[in-house]
Amino acid sequence: MKASTKSVSRKEPKGKAMKILALAGALSVIAAVGLYAQAPPTPITIEDAVKAALAADPAVESAQWDWLAASSKADAAWMRMFPSLTASAGYTRLSELDDAPTTITMTPPVGPPVTYDISFPAGLPDVWTLSVNLQYPVFAGFRIREAANLASLTAQSKLITVEMVKRSLAFETRRAYWETMRASANAETLKKNLDLVIYNRKLVNDQAAVGAATQADVLAADMRVKQAEMDLAGSISMQKRVFLTLASLLGKDSSEINLGTDESDALEIISLATKAEGPVAFDPGMSLDEKKLIDAALSRRPETRMSSLGIRMAEHAAGLARAPLFPTLAITGNYTFADPNQRVFGQTDPTVFTGTWSIGAALSFDIGGLPANINESVAADKAVAKARSDSLKAGKSVILDVQTCILNLNRARHDLDLVKGMVAQAAENARVTAQRRKAGTASNLEQLTAELALLRANFAVTNKDIDLRIAAADLARALATDDAVNGPAAAAPAEPAR
């Protein structure tokens with residue numbers, strides 16, 4: 001019994017130590033996970049957000065693959081101008097035939113008919129053939145050239161499409177960035193407003209307890225609190241929506257984000273490093289020369305360049321439609337090395353290969369299809385006129401877009417100048433109310449009201465400043481002057497260098 005007791009007493013401290021170590025390890029892991037989960041997100045600037053969106057958006061990748069496919073098709077179309085050379089090899093096994101003599105009966109002018117027995121050599125059952133064929137359309141009514149030019153212009157249009165997708169995505173990312181900041185500032189303002197109405201309700205309840213306020217005042221205070229809670233919940237929902245939009249544009253996985261409305265920071269997975277202060281990006285200043293800006297937009301906008309390509313594509317399509325109105329001249333050639341060769345009579349040696357060649361020219365003209373081809377050419381010419389009209393329409397749309405962006409920018413700048421003057425008055429009112437509160441001549445509610453007024457004035461400035469930055473970014477989009485998306489699409493050649 002003593003030995004057993006000693007044995008047990010030795011094992012108990014060791015087992016407890018193992019349990020303590022295991023518990024400490026588990027707690028350390030939980031703490032590490034908690035610290036990792038609570039780690040603040042890495043701050044991101046607005047330009048870094050644009051770069052991340054351009055790198056992660058599947059629409060940009062899809063447009064780039066579409067451009068690469070069209071470029072390969074354009075190269076293939078130009079390759080068709082070279083002669084077509086085809087090599088082939090074949091083997092055929094023929095069934096053997098009986099060597100039956102052939103009888104020929106001839107009737108002379110005088111005398112009875114004469115019969116001759118002629119024996120032909122047996123045919124070779126194994127046929128081996130090696131041949132090379134050449135085809136070259138010397139003239140096909142400019143069909144190949146027009147098709148190649150059309151394919152090259154199609155590739156250029158796909159490249160401009162890549163630029164259009166990038167420019168639209170860059171502006172949407174910038175707008176989502178600023179809207180996210182606006183939503184966060186609005187939520188902070190409404191939180192302060194909720195604190196104010198809750199404190200006001202407390203004062204009303206205290207007054208009602210001593211008979212200084214009626215039940216109607218209590219109900220009105222409760223209604224104001226509920227309305228403030230509803231406003232804050234709506235603001236939080238909007239904040240989560242814009243955070244979710246920005247996260248989606250940046251390519252983040254938002255499937256595990258909490259979309260509940262009980263916490264205002266549930267979707268703050270992105271820390272905004274760029275603030276609504278300092279110089280405004282893309283702001284051309286007060287001197288806006290409308291004519292110069294419109295001319296620059298007409299020369300740089302992807303829409304106008306696309307419409308110009310559309311005219312040229314319609315012209316080449318018209319040339320392709322006129323191709324059947326011309327005759328077609330082609331050169332053909334063939335060289336056959338075979339055993340037996342069909343052009344050689346009476347081959348009996350299975351080891352002898354015979355080579356033969358041929359060369360020719362073919363001229364053709366579709367006379368029966370001439371009426372239909374003429375109508376196709378007329379339809380293609382009308383398509384050219386339509387493309388020119390579409391180009392004028394695109395130019396007018398760009399002009400209206402630029403003018404609208406200029407008006408929005410001027411209005412945003414004017415509104416910002418007006419609301420900035422409201423901040424000084426609200427700040428002075430808050431300062432005087434704070435001094436009165438210290439002197440005992442103002443209540444805590446009055447001080448909270450003054451602080452809320454100052455907060456609302458600052459939010460109004462932030463709101464208008466964000467409007468100005470969005471308007472400036474929109475004008476940059478309309479003028480196509482954003483260097484963040486100037487890639488290979490901006491340097492697309494005007495004509496295919498062939």
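The model is predicted. A search of the whole structure finds 26 salt bridges, and the structure holds 1 cavity of 30 Å³ or more.

**Cavity**

- Rolling a probe the size of a water molecule over the atoms shows where empty space is left.
- The volume of the largest cavity is about 70 Å³.
- Its lining consists of R167, A170, F171, R174, F282, A473, A476, R477 and D482.
- Helix 4 gives the most, with 4 residues.
- By class, the lining of the largest cavity comprises 5 nonpolar and 4 charged residues, with no polar ones.

**Salt bridge between R413 and D283**

- Side chains of opposite charge can pair when their charged atoms come close.
- R413 and D283 form a salt bridge in which the closest N and O atoms are 2.7 Å apart.
- R413 lies in helix 8 (residues 370-439), whereas D283 belongs to the loop between strand 6 (271-272) and helix 6 (290-300), so the pair ties together parts that are 130 residues apart in sequence.
- R413 has a relative accessibility of 9% and, because buried means under 20%, counts as buried.
- D283, at 26% relative accessibility, counts as partly exposed.

- A salt bridge joins the side chains of R477 and D401, with an N to O distance of 3.1 Å.
- This pair links distant parts of the chain, as R477 is in helix 9 and D401 in helix 8, 76 residues apart.
- R477 counts as partly exposed, at 22% relative accessibility.
- D401 is buried, its relative accessible area being 18%.
- Both R477 and D401 belong to a network of salt bridges that also includes R301, E303 and D474.
- R477 is also one of the residues that line the largest cavity.

- R469 forms a salt bridge with D465, and their closest N and O atoms are 3.2 Å apart.
- The two residues are 4 residues apart in helix 9, which means that about one helical turn separates them.
- R469 and D465 are both buried.

**Helix contacts**

- Two packed helices are described by the angle between their axes and the distance between the axes.
- The contact of helix 4 with helix 9 involves 15 nonpolar, 7 polar and 12 charged residues.
- For helix 7 (residues 302-322) and helix 8, the axes come within 8 Å and cross at roughly 175 degrees.
- Helix 7 is therefore roughly antiparallel to helix 8.
- The residues of the contact of helix 7 with helix 8 divide into 11 nonpolar, 7 polar and 6 charged.

Conventions. Residues numbered from 1 in each chain as written. Predicted model: local features only at pLDDT ≥ 70, side-chain atom pairs only at ≥ 80, totals over all residues. Heavy atoms only, no water. 1 Å grid on protein atoms, 1.4 Å probe; cavity = no way out; pocket = protein on both sides within 12 Å on 5 of 7 lines; lining within 4 Å. Points joined across faces, edges and corners; volume = space filled by probe spheres on them. Nonpolar A, V, L, I, M, F, W, Y, C, P; charged D, E, K, R; others polar. Salt bridge = Lys/Arg side-chain N within 4 Å of Asp/Glu carboxyl O. Buried < 20%, exposed > 50% of the residue type's maximum accessible area, 1.4 Å probe, protein only. Axes fitted to C-alpha atoms, helices over the stretch in contact; angles between N-to-C directions. Parallel < 35°, antiparallel > 145°, perpendicular 65-115°, else oblique.
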